[in-house]
Amino acid sequence: MKFQVFLASLFSNVKGRHWWLGILIWIAMVAPSQASSVILRVAIQRDVNQVKVGSSTTAVIKDSSGRTLGELPAMSPYSVQAVPGGIALDKWRSNLFWVEPTGKGFVYIGDRWYRGRTLVVPSQKGLSVVNWVALDEYLYSVIGGEMDPRWPSEALKAQAIAARTYALYEREKQRNNPLYDLGASPDRWQIYKGVSSESPTTYAAVDATAGEVLTYKNRVILSVFHACSGGHTENSEDVWGSAQPYLRAVPDFDQNIRECNWSRTFSPAEISTAVPEVGNVKQIISGSTSPFGSVKALKIVGDKGEKVLTGEDVRTVLKLKSTRFTVSNANGSFTLTGLGYGHALGMSQWGAYNLASRGYNHLQILNYYYKGVALAPIRVK
């Protein structure tokens, strides 16, 4: 109890930029020592003019040849910026920089702490910053970003295996990318916030499932997941146009979740801003739907023409929670009333929560949402 009181006091007292010190002390006290030997390259910043980098311990700065240029003092963020012919970090100029913390230090990128080391390289529009981190150390953060770490352990384990599988699928997909395997932006990748989203429960979930991935016919699957489907997941061909045998629609267990029930009202001007080529919007018409009520085509009619949104564009262009909705028109505005949050493919996270709460284990949860898959050890080429 004294330790918990100390932590509460620590976090309540750190102010401003010193918040990072509290997190580092906490992580050092509770973090496990084991992690996967598979290294991921995670793009934290892409095509920016400058970004702050640093380390919790003294950091060694190296160039592209591996030559040591010097050191950065601990707990002192420095701006790195694009300059003609390369990049600049403090007094050094190079075509790239490695920032490698000594001991068990953490690296600082932008406004967050991360495990591993930092690579800074020039890009066409400035510079990019990539976090090189062990797979399971990456997952310690991702699980806490994707799920509430207070959720049942079996739900967290299911998330750990799904997230590990997804990361390795993307790593293989990007194998010809010289810079990164995946990114950190939640609209495109898994949610990766660095050490701030780690906790003892995320460590336990990742360590309990270490080395385990989902495969279909001996190949790692695209183990996508979403917050909630609103009662029924979808077949992949009804969302992305291509059929995956393991992404089959199943009845779900998330109908009564508040965030899965939503409503958005748009003025014609708001729709026109999102789809300017149609001019002033006059009508929004739902076209074809999936067998479970998700809109596969949405026609937007304006005074300059019409546009049909299909697939994921139905959701992303208008920034909707899901594509399972109905459209009504009243007082010149358009109201979309819907169910679900996300693309409704693969595992529903709220569904996993409810199944785990009912006593189902993580393997039963995964086998429910991903059809015909097998649990296999990592095989990295």
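Colleague: How many bridges join β19 to β20?

Modeller: In this predicted model, strand β19, residues 297-302, is joined to β20 by six bridges. The two strands run antiparallel.

Colleague: Which residue of β20 stands opposite K299?

Modeller: That residue is V308.

Colleague: And what is the strand order in the sheet?

Modeller: The order is β18-β19-β20, in an open sheet of three strands with antiparallel pairing. The edges are taken by β18 (281-286) and β20 (305-310); each has a single partner strand, so one side of each is left without a neighbour in the sheet.

Colleague: What does the twist average?

Modeller: From one strand to the next, the twist averages 15°.

Colleague: Changing topic to the helices: at what angle do the axes of α8 and α9 cross?

Modeller: The axes of α8 (residues 349-357) and α9 (residues 362-369) cross at roughly 140° and come within 10 Å. Angles count as roughly antiparallel when over 145 degrees, and the angle here therefore makes α8 oblique to α9.

Colleague: Is the crossing left-handed or right-handed?

Modeller: The crossing of α8 past α9 is right-handed.

Colleague: Which residues make the contact?

Modeller: From α8, the contact is made by G351, A352, L355 and A356. The α9 side consists of I365, Y368 and Y369.

Colleague: How do those residues divide into nonpolar, polar and charged?

Modeller: In the contact of α8 with α9, six residues are nonpolar, one is polar and none is charged.

Methods:
Residues are numbered from 1 along each chain as its sequence is written. This is a predicted model: local features need pLDDT of at least 70, side-chain atom pairs count only at pLDDT 80 or more; totals for chains, interfaces and linings use all residues. Side-chain values use heavy atoms; hydrogens and water are left out. Two strands pair if DSSP finds at least two bridges between them. Helices (H or I, at least four residues) and strands (E, at least two) are DSSP runs, numbered from the N terminus. Axes are lines fitted to C-alpha atoms, for helices over the stretch in contact, and angles run from 0 to 180 degrees between N-to-C directions. Angles under 35 degrees count as roughly parallel, over 145 as roughly antiparallel, 65 to 115 as roughly perpendicular and the rest as oblique. A crossing is left-handed if the near helix is turned anticlockwise from the far one by less than a right angle, and right-handed if clockwise. Contact means heavy atoms within 4.5 Å. Ala, Val, Leu, Ile, Met, Phe, Trp, Tyr, Cys and Pro count as nonpolar, Asp, Glu, Lys and Arg as charged, and the others, Gly among them, as polar.
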